[in-house]
Amino acid sequence: MEIRMDGRNALITGGSKGLGYAMADRFLEAGATVAIVARGQADLDRAVAALQARHTGTTVKGYQGDVSRADEISRIWQAVTAEFEQIDILVNNAGHAKVGEFESITDEEWQADIDLKLMAAVRLTRLAFPGMKARQWGRVLNMLNIYAKTPSAGTAPTSVTRAAGMALTKVLAGEGAPHNVLVNALNIGSIKSDQVRRWYDASDKSLDFEAFVARSGSRLPMGRMGEAEECANLACFLCSEAGSYVTGTSINMDGGASPVL
């Protein structure tokens, strides 16, 4: 089955690296036009140049900004819609795993995590939803992690904000369904991405990166880490017409690591 996104405009936050970049790449391959948002201008420029080189004749634009700030979201949205007119597909992907012992986490760290992972999705979806509903077509995909379903000690604040993101997904799916606006979530496990690179950088580096990935992946049920491209394939399905009867669900993308469905 060939999945197409021709005529659709997608906005992907955290789109300059890792999963965000892989999704942008896959969406462009499927025929969408893509706007990617990232905080770092240099990384954004590199990503846009690489995507343009891979997909000649398609449209991909980069927008620098910090989606943890309400004023920045407003500015980014105005810039994107001035050029793209409408957003059909919104992928809330910005954020990284912030974890620690509960008593060590400050109010400022809690608030920063909430602003980046939860409120960014709230604010962007609030901007995108009216147009999607009016056009009777839309897709929102919230990128979470498996801690949203199975939190454990030492995984705050990310487990809490991701669980809130799962609840948000369900609420939005119920409100969007009568208007053919579908809202889903992917709960990410161990995927070879920038997050894993950060884990490696914090390690003793007794192994090279690929050996580190292989050793870490060997502990998983499938015996390996997932690839960003595998995640992008599932995202493409959910955000296209192919996934037209899937809404209000969160799918584990973890190679069987999570103990719950």
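Predicted model: local features only at pLDDT ≥ 70, side-chain atom pairs only at ≥ 80, totals over all residues.
**First stop: the helix pair.** Select residues 107-135, helix H4, together with residues 158-176, helix H5. Two packed helices are described by the angle between their axes and the distance between the axes. Here the axes come within 9 Å and cross at roughly 15 degrees.

**Second stop: the sense of the crossing.** With both helices still selected, consider their directions. H4 and H5 are therefore roughly parallel to each other, and their crossing is right-handed. To view the contact itself, display the side chains. On the H4 side, the residues in contact include Trp110, Ile114, Leu118 and Phe129; on the H5 side, they include Val160, Ala164, Leu168 and Leu172. Classed by type, this contact has ten nonpolar, five polar and four charged residues.

Now select the strands. Seven of them form an open sheet with parallel pairing, in the order S3-S2-S1-S4-S6-S8-S11. Which strands stand at the edges? They are S3 (60-64) and S11 (250-253); each has a single partner strand, so one side of each is left without a neighbour in the sheet. From one strand to the next, the twist averages 20 degrees.

Select residues 9-13 (S1) and 89-92 (S4), which pair in the parallel sense over three bridges. Leu11 has Leu90 in S4 as its bridge partner.

Are the residues of S8 mostly covered or uncovered? The strand is mostly covered, with eight of its eight residues buried. In a regular strand the side chains alternate between the two faces of the sheet. In S8, Val181, Val183, Ala185 and Asn187 point one way, while Leu182, Asn184, Leu186 and Ile188 point the other way.

Select S6 beside S8; the two pair in the parallel sense over eight bridges, and Arg139 stands opposite Leu182 in S8. Then select S11, which pairs with S8 in the parallel sense over four bridges. There, Ile188 stands opposite Met253 in S11. Finally, select residues 228-238, helix H8, which lies across S6, S8 and S11 and runs at about 165 degrees to S8.

Notes:
Residues numbered from 1 in each chain as written. Heavy atoms only, no water. Axes fitted to C-alpha atoms, helices over the stretch in contact; angles between N-to-C directions. Parallel < 35°, antiparallel > 145°, perpendicular 65-115°, else oblique. Left-handed = near helix turned anticlockwise from the far one by under 90°. Contact = heavy atoms within 4.5 Å. Nonpolar A, V, L, I, M, F, W, Y, C, P; charged D, E, K, R; others polar. Pairing = 2+ DSSP bridges. Buried < 20%, exposed > 50% of the residue type's maximum accessible area, 1.4 Å probe, protein only.
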